[in-house]
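Please keep the sequence and the structure in view while reading.

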Amino acid sequence: MLAYLALLGFVVFMVGTPGPANLVVMIAGARFGVRRSVGFILGLVSGKIALNFFIGFGVGVILAEMPIWKTAFGYASAGYMIYLALRSWPSDSQGHMAALDQPASFTFWDGIIVHPLNPKAWVMSILAWGEFAPALGAFSVQLPVVLLTFASCQLVLHSMWCWLGEFIGRTLNNSVPFTRLMILATVGIVVAVILV
């Protein structure tokens with residue numbers, strides 16, 4: 001039980017703290033609301049399940065020994081997160097975007113690739129598998145416990161970040177300067193993560 005509580009504490013801290021995925025989901029909440037972002041959140045969770053599955057089966061170890069792939073993932077991640085953030089950029093002072101540029105919302109497919117390309121997600125998954133999973137027992141126990149712990153924490157915490165974005169967006173009456181500030185903060189954090 002202590003081994004599971006240690007894993008749970010780690011996952012709650014890592015998933016709940018600000019990072020590229022949480023900032024993008026916050027932008028989704030501010031721009032589209034929680035209800036229209038459910039598919040995006042489910043995509044985030046599904047992508048993390050796939051990432052944890054592959055890391056659990058050893059892909060993380062292989063990639064750790066190939067720094068060129070780590071670098072490639074980092075740059076692909078940065079590009080994709082920046083693309084998602086900038087896709088929400090309001091074009092005018094009323095927050096309107098050109099009809100062709102205006103996404104109806106971020107979709108499941110937009111979300112599914114976020115975590116497999118997110119360096120923070122890779123680090124937290126590798127740490128979870130390397131530091132916490134072995135204490136849970138056999139691999140047949142580790143796999144479902146790690147996958148379900150991440151998935152349940154993500155559903156709750158990504159939804160909270162999305163709700164926070166929606167709340168701030170409504171409170172500030174979908175302020176264009178605030179939306180642009182959130183987008184720029186996301187881009188800044190993504191760039192900082194990639195340069196560190």
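The text below takes up model confidence, then the aromatic pairs, and then a glutamine.

The structure is a predicted model, and the mean pLDDT of its protein chain is 83, with 88% of the residues reaching 70 or more. Over residues 95–101, however, pLDDT stays under 50, and for this stretch the model has 15 contacts beyond four places in sequence. Where pLDDT is low, the predicted coordinates should not be read in detail.

How many aromatic pairs does a search of the whole structure find? The search finds nine aromatic pairs, and two of them are set out here, beginning with the tilted pair formed by Phe 40 and Phe 106, whose centres lie 5.1 Å apart with 55° between the planes. Because Phe 40 lies in helix H3 (residues 38–56) while Phe 106 lies in the loop between helix H5 (67–86) and helix H6 (108–112), this pair ties together parts that are 66 residues apart in sequence. Phe 40 counts as buried, at 0% relative accessibility, and Phe 106 also counts as buried, at 2% relative accessibility.

The other pair, formed by Trp 129 and Phe 139, is tilted as well, with 5.9 Å from centre to centre and 35° between the planes. Trp 129 belongs to helix H7 (residues 119–132) and Phe 139 to helix H8 (residues 139–171), and the pair links these distant parts of the chain, the two residues being ten residues apart. Trp 129 counts as buried, at 9% relative accessibility, whereas Phe 139 is partly exposed, with a relative accessible area of 32%. Both rings belong to one aromatic cluster, which Trp 129 and Phe 139 form together with Phe 53, Phe 54 and Phe 57.

The geometry of the two pairs is set side by side here.

| Aromatic pair | Centre to centre | Angle between planes |
|---|---|---|
| Phe 40 and Phe 106 | 5.1 Å | 55° |
| Trp 129 and Phe 139 | 5.9 Å | 35° |

Helix H8 also holds Gln 154. Is this Gln 154 side chain buried or exposed? At 0% relative accessibility, Gln 154 counts as buried, since the cut-off for that class is under 20% relative accessible area. The side chain of Gln 154 is joined to that of His 115 by a polar contact of 3.0 Å. When residues up to four places away in sequence are not counted, Gln 154 touches Val 15, Leu 44, Val 45, Lys 48, His 115 and Ser 159.

Conventions. Residues numbered from 1 in each chain as written. Predicted model: local features only at pLDDT ≥ 70, side-chain atom pairs only at ≥ 80, totals over all residues. Heavy atoms only, no water. Phe/Tyr/Trp six-rings, centres within 6.5 Å; stacked < 30°, edge-to-face > 60°. Helix = DSSP H or I, 4+ residues; strand = E, 2+ residues; numbered from the N terminus. Buried < 20%, exposed > 50% of the residue type's maximum accessible area, 1.4 Å probe, protein only. Polar contact = N/O pair within 3.5 Å; in protein donor to acceptor, adjacent residues only side chain to side chain. Contact = heavy atoms within 4.5 Å. pLDDT = per-residue confidence, 0-100.
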